[in-house]
Amino acid sequence: MFEHITTIELAGYGVGTFLLCATISAPKIDSLISTSQRSSMGMCKRCGDLKMIACSGCKGLGLIKEGGPFNIIPVNNIYQSKMRSIGCTKCQSRGSFSCPECANLSEN
């Protein structure tokens, strides 16, 4: 099966696999680094002393596309899209929540 693959093609597959893994793991690595930096500076690990966290449902916008993120509507006219945005029900269209860790610290 792999008799006709050259070393250059094999290296290309290896590099492609590495880049795919790096792309997938980048957000988790970024989160780990930012959390450790915040804790070393004495800041809240979750919000960085902003006291607010972006909503995961709307990514901090307060609006989501009607029908969900994977709603595929065929577009008849490319200049008149029928996509509508509705208010996020998870954050009541605010786009953010107050940080639960900061709220716990202020209560104590």
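Reader: Where is Ser93 found?

Author: Ser93 sits in the loop between strand 3 (85-87) and strand 4. Helices (H or I, at least four residues) and strands (E, at least two) are DSSP runs, numbered from the N terminus. Before we go on: this is a predicted model, where local features need pLDDT of at least 70, side-chain atom pairs count only at pLDDT 80 or more, and totals for chains, interfaces and linings use all residues. Residues are numbered from 1 along each chain as its sequence is written, and side-chain values use heavy atoms, with hydrogens and water left out.

Reader: Okay, is Ser93 buried, exposed or partly exposed, and what are the cut-offs?

Author: Buried means under 20% relative accessible area, exposed means over 50%, and partly exposed is in between (1.4 Å probe, protein chains only). Ser93 has a relative accessible area of 40%, so it is partly exposed. Its phi is near 65°, a positive value in a residue other than glycine.

Reader: Which residues does Ser93 touch?

Author: A contact means heavy atoms within 4.5 Å. Leaving out residues up to four places away in sequence, Ser93 touches Gly62, Gly87 and Cys88. Also, the C-alpha atoms of Ser93 and Leu61 are separated by 7.7 Å, though the two are 32 residues apart along the chain.

Reader: What about Ser96, buried or exposed?

Author: Ser96 has a relative accessible area of 19%, so it counts as buried. You'll find Ser96 in strand 4 (residues 96-98). Not counting residues up to four places away in sequence, Ser96 touches Met52, Ile53, Ala54, Cys55 and Cys91.

Reader: Which other residue has a positive phi without being a glycine?

Author: Take Asp49, with a positive phi of about 65°. Asp49 is in the loop between helix 1 and strand 1 (52-54), and at 39% relative accessibility it counts as partly exposed.

Reader: Where does helix 1 bend?

Author: A bend at a residue is the angle between axes fitted to the seven residues ending there and the seven starting there. Helix 1 bends by about 45° at Ser25, and a proline, Pro27, follows within four residues.

Reader: Which residues form the largest nonpolar core?

Author: Here's the general idea: in soluble globular proteins, nonpolar side chains tend to be buried together. A nonpolar core is a set of buried Ala, Val, Leu, Ile, Met, Phe, Trp, Tyr and Cys residues joined through side-chain atoms within 4.5 Å. In this model the largest one has five residues: Cys44, Cys47, Ile53, Cys99 and Cys102. Not counting residues up to four places away in sequence, Cys47 touches Arg38, Met52, Ile53, Cys99 and Cys102.

Reader: How do I read the whole chain?

Author: Along the sequence the pattern is α-β-β-β-β-α, with two helices and four strands. Of its 108 residues, 12% count as buried. Among contacts with a separation of 6 or more, residues 24 or more positions apart account for 61%.
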